[in-house]
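Please look through the sequence and the model below before reading on. The paragraphs that follow start with strand pairing and then turn to some single residues.

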Amino acid sequence: MKKLLSLLIVFCIFGCKKYVVSFEQPTDMKLDNLKLEILLDNKKVKDINLKATEAMPTYETTALSVSDDGKHTLQIKVKDTTFSYDIKYPEEKYVLVTAHLKNNGKVHIGILKQNYKYRLR
């Protein structure tokens with residue numbers, strides 16, 4: 001049993017190439033229940049409903065598959081606007097997505113990309 005578990009862990013570490021995408025849940029109550037549609041290379045992969053909190057922001061994390069070349073376009077649709085970002089594996093395998101409300105009332109999506117895990121405190 002230990003050998004099987006060890007083999008599974010090694011396979012997941014070295015065999016599974018995935019992007020790790022974390023979606024920050026906002027602290028702005030005006031963004032509560034905002035729907036984000038997540039697309040990877042023009043294919044819908046997930047819907048996220050933001051849940052605003054008055055305390056520290058929380059994060060919803062998901063893993064997205066990587067192709068052999070490792071280059072993808074991450075698109076996030078909010079209402080009638082689409083935000084597009086190019087992502088390269090493994091240089092940018094950890095992505096943090098944040099929604100902000102601008103002064104004019106429009107939603108803006110920003111991302112941070114890096115090749116090591118974020119330390120969220």
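Strand β5, residues 71-78, pairs with β6 in the antiparallel sense over eight bridges. Strands here are DSSP runs of E of at least two residues, numbered from the N terminus, and two strands pair if DSSP finds at least two bridges between them. Across this pairing, Val78 stands opposite Thr81 in β6. The model is a predicted one, in which local features need pLDDT of at least 70 and side-chain atom pairs count only at pLDDT 80 or more, while totals for chains, interfaces and linings use all residues. Residues are numbered from 1 along each chain as its sequence is written, and side-chain values use heavy atoms, with hydrogens and water left out.

On another side of β5 comes β2: five bridges join β2 to β5, and the two run antiparallel. Here Leu39 stands opposite Gln75 in β5. Strand β2, residues 35-40, also pairs with β3 in the antiparallel sense, over six bridges. Glu37 has Asp47 in β3 as its bridge partner. β2 and β3 form a hairpin with two residues between them, and Asp41 in the turn has a positive phi of about 55°.

Together these strands make an open sheet of four, in the order β3-β2-β5-β6, with antiparallel pairing. β3 (43-49) and β6 (81-88) stand at the edges with a single partner strand each, so one side of each is left without a neighbour in the sheet. From one strand to the next, the twist averages 20°; axes are lines fitted to C-alpha atoms, and angles run from 0 to 180 degrees between N-to-C directions.

Which aromatic pair does a search of the whole structure find? The search finds one, made by Tyr19 and Tyr89. Their ring centres are 5.8 Å apart and their planes stand at 85°, so the pair is edge-to-face. Rings of Phe, Tyr and Trp (its six-membered ring) pair if their centres lie within 6.5 Å; planes under 30 degrees apart count as stacked, over 60 as edge-to-face and the rest as tilted. The pair links distant parts of the chain, with Tyr19 in strand β1 (residues 18-24) and Tyr89 in the loop between β6 and β7 (94-101), 70 residues apart.

Tyr19 is buried at a relative accessible area of 1%, and Tyr89 also counts as buried, at 17%. Buried means under 20% relative accessible area, exposed over 50%, and partly exposed in between (1.4 Å probe, protein chains only). Lys117, in the segment after β8 (107-114), counts as exposed at 58% relative accessibility.
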